[in-house]
Structures are given as structure tokens and as C-alpha cells.
Amino acid sequence: MLPMPIADHDAITEELAETGRYVKVLWQSDDTLMFIARGRAYRSEFHINPSDEHMTVLKGEMKLHYRKPDGSEDIAVLKEGETIYTAAGIPHSPRFPEDAFLLVGERMRRSGETDSFQWFCPNCDAQIHEEFFVVDDYTKDPVSRAYDNFFDSIPARTCDKCHTVHPGRDFE
Ligand SMILES: [Fe+2]
């Protein structure tokens with residue numbers, strides 16, 4: 001069979017809603033990675049990807065928080081049916097509700113590349129934690145693995161500068 005899979009968006013979003021899972025990988029080839037993601041209410045971290053990304057809102061609305069070169073935070077609001085291109089290296093945080101869905105395309109990571117996930121203090125905006133991951137297989141849901149470490153550690157969630165503790169799962 002030729003490698004030409006077809007992804008049914010409706011079927012996949014229904015499957016994610018029913019199972020409660022957050023990610024369904026459509027395919028991973030030598031070059032490209034495509035997946036559909038369901039929103040995570042708790043999402044607070046910024047992802048730094050060695051690959052470019054493009055994100056299309058399939059259902060609902062997304063607030064893509066991102067950090068400009070000077071470190072300040074801004075938000076791009078995307079409505080259903082819109083696509084955004086986010087170049088490699090831009091810290092970005094896709095925030096959308098649990099009943100909204102996003103189609104995401106990236107390239108497969110090259111040998112030696114590492115993704116990073118950064119959290120910032122909700123009080124003073126200092127960086128409080130960073131997780132590094134080698135993303136070799138997206139079906140392992142690297143975003144969830146990064147959060148396991150962050151949620152389970154009070155020191156990881158405590159700001160060195162102002163001592164505020166990040167609320168973790170209760171972040172809004
Ligand atoms: Fe702080």
C-alpha cells in the first residue's frame with residue numbers, strides 16, 4: 001500500500017472527545033508530523049520547537065500566547081477555520097478549551113534536536129521552570145510528560161524571585 005493515509009477530522013475529534021485523550025497522531029514520516037490536539041484547560045507553558053509549526057483551528061477558538069524577541073508576552077486570537085504559521089524558536093502556548101480542536105503540522109526532529117517547555121511566574125513573569133524533551137515519537141504525548149514533572153513538584157512551580165507558587169493544574 002502506498003503511504004497515503006487520509007485523516008477524517010470529524011471521526012478523530014469525536015474519538016478524542018470520547019476517550020478524553022489530548023492528541024491523535026495522523027502520521028509521522030521521515031519529514032513530517034501531523035496531529036490533532038484537543039484543548040487543555042491547564043495549559044500554561046511555552047513550547048520552544050526546533051521545527052516550524054502550522055496550526056489550524058478545526059473547532060472553537062484558540063488564543064495563541066507567544067513571546068516576542070524582547071521576552072514580553074502577546075496573544076494571537078484564531079477563530080475556527082484560521083491557520084497560523086509559527087516559525088521555529090518562537091515560544092508559544094496554544095490555549096483553547098477542552099471541547100476545541102487544533103490541527104498541527106511540524107517536521108520530524110533531526111538527530112540531536114531538543115524541544116523545550118518553559119513556565120513563567122503568574123505574579124512577576126520570571127521564568128520558573130524548564131523541561132527538555134527529545135521528541136522522537138509524538139504518540140508518547142511529550143506535552144503531557146512535561147506536565148507530569150511540573151505538576152508533581154512544588155520546587156519546580158515556585159518562583160525563585162518572588163516565591164509565588166504556580167497553581168499547576170488550576171492555572172486559568
Ligand atoms: Fe515571581
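The largest cavity in this predicted model has a volume of about 170 Å³, the volume being the space filled by probe spheres set on grid points joined across faces, edges and corners. By cavity I mean a set of points, on a 1 Å grid over the protein atoms alone, where a 1.4 Å probe fits but cannot get out; lining residues have an atom within 4 Å of a point. A search of the whole structure finds one cavity of 30 Å³ or more.

Local features need pLDDT of at least 70, and side-chain atom pairs count only at pLDDT 80 or more, while totals for chains, interfaces and linings use all residues. Side-chain values use heavy atoms, without hydrogens and water, and numbering starts from 1 along each chain as its sequence is written.

Which residues lie nearest the centre of the largest cavity? They are Phe35, Ala37, Arg43, Pro94 and Tyr138, out of 20 lining residues. Strands β2 (32-38), β4, β8 (92-95) and β9 (101-107) each give two or more residues to that lining; strands are DSSP runs of E with at least two residues, and helices runs of H or I with at least four, numbered from the N terminus.

I turn to the core. A nonpolar core is a set of buried Ala, Val, Leu, Ile, Met, Phe, Trp, Tyr and Cys residues joined through side-chain atoms within 4.5 Å, buried meaning under 20% relative accessible area with a 1.4 Å probe, protein chains only. The largest has 34 residues, of which Phe35, Met62 and Tyr138 touch the most other members. Helix α2 (residues 142-151) supplies the largest share, five residues.

Conventions:
Buried means under 20% relative accessible area, exposed over 50%, partly exposed in between (1.4 Å probe, protein chains only). On a 1 Å grid over the protein atoms alone, a cavity is a set of points where a 1.4 Å probe fits but cannot get out, and a pocket is an open set with protein on both sides within 12 Å along at least five of seven lines; lining residues have an atom within 4 Å of a point.
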